[in-house]
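Work through the following exercises with the sequence and the model open beside you. Try each task before you read its solution.

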Amino acid sequence: SLSSSRLSPREREVLQLLALGNTAPAAADRLCIGVATVRTHLSRARQKLGASSQAAAVAIALRLGEID
C-alpha cells in the first residue's frame, strides 16, 4: 500500500516515467520540474532502494510494487 511505501510520491513518479522509457529531461518536462530535480529524486530513490543504477532502481521499484 502507499502508506507503507518507502518512496515519496515524486520519487515514484520519476521512476514510473523512467520505467516507461522516458529520459531524465523528458521526465522533467512531463513533471514541469528541472532535470537536476529529477536527478535528485532519482538519487534519493536509489539510496532508499539500495540500487546501484537507474535501471536497478526501476527494477527494484517494480518488484516492490512501488511502480507498475
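**Exercise 1. Find the element that holds P25 and decide how accessible P25 is.**

Solution. P25 is found in helix 2, where helices are DSSP runs of H or I with at least four residues, strands are runs of E with at least two, and both are numbered from the N terminus. Next, compare the accessibility with the cut-offs: buried means under 20% relative accessible area, exposed over 50%, and partly exposed in between, using a 1.4 Å probe and protein chains only. At 40% relative accessibility, P25 counts as partly exposed. Finally, take the distance to R39, which is 14 residues away along the chain: the C-alpha atoms of P25 and R39 are separated by 9.5 Å.

Before going on, note that the model is predicted, that local features need pLDDT of at least 70 and side-chain atom pairs pLDDT 80 or more, whereas totals for chains, interfaces and linings use all residues. Residues are numbered from 1 along each chain as its sequence is written, and side-chain values use heavy atoms, with hydrogens and water left out.

**Exercise 2. Is C32 buried or exposed, and where does C32 lie?**

Solution. First locate the residue: C32 lies in the loop between helix 2 (24-31) and helix 3 (35-49). Its relative accessible area is 71%, so C32 is exposed. Then look at the backbone, where phi of C32 is near 60°, a positive value in a residue other than glycine.

**Exercise 3. Describe the surroundings of E11.**

Solution. Begin with the position, which is in helix 1. E11 is buried because its relative accessible area is 3%. Now list the contacts, meaning heavy atoms within 4.5 Å: leaving aside neighbours within four places in sequence, E11 is in contact with H41, R44, A45 and K48. One of these partners also takes part in a polar contact, since the side chains of E11 and K48 meet at 2.8 Å; a polar contact is a pair of N or O atoms within 3.5 Å, where within protein one must be able to donate a hydrogen and the other to accept it, and residues adjacent in sequence count only if both atoms are side-chain atoms.

**Exercise 4. How do helix 1 and helix 3 pack?**

Solution. Two packed helices are described by the angle between their axes and the distance between the axes. Helix 1 and helix 3 pack at an angle of about 100°, with their axes 9 Å apart; the axes are lines fitted to C-alpha atoms over the stretch in contact, and angles run from 0 to 180 degrees between N-to-C directions. Helix 1 and helix 3 are therefore roughly perpendicular to each other, a class that covers 65 to 115 degrees, while under 35 is roughly parallel, over 145 roughly antiparallel and the rest oblique. The residues in contact are R10, E11, V14, L15 and L18 of helix 1 together with V38, H41, L42, R44, A45, K48 and L49 of helix 3.

**Exercise 5. Where does E66 sit, and what does its side chain reach?**

Solution. E66 is placed in the segment after helix 4, and at 11% relative accessibility E66 counts as buried. The side chain of E66 reaches the backbone nitrogen of R6 at 3.0 Å. Leaving aside neighbours within four places in sequence, the contacts of E66 are S5, R6, L7, R12 and A61.
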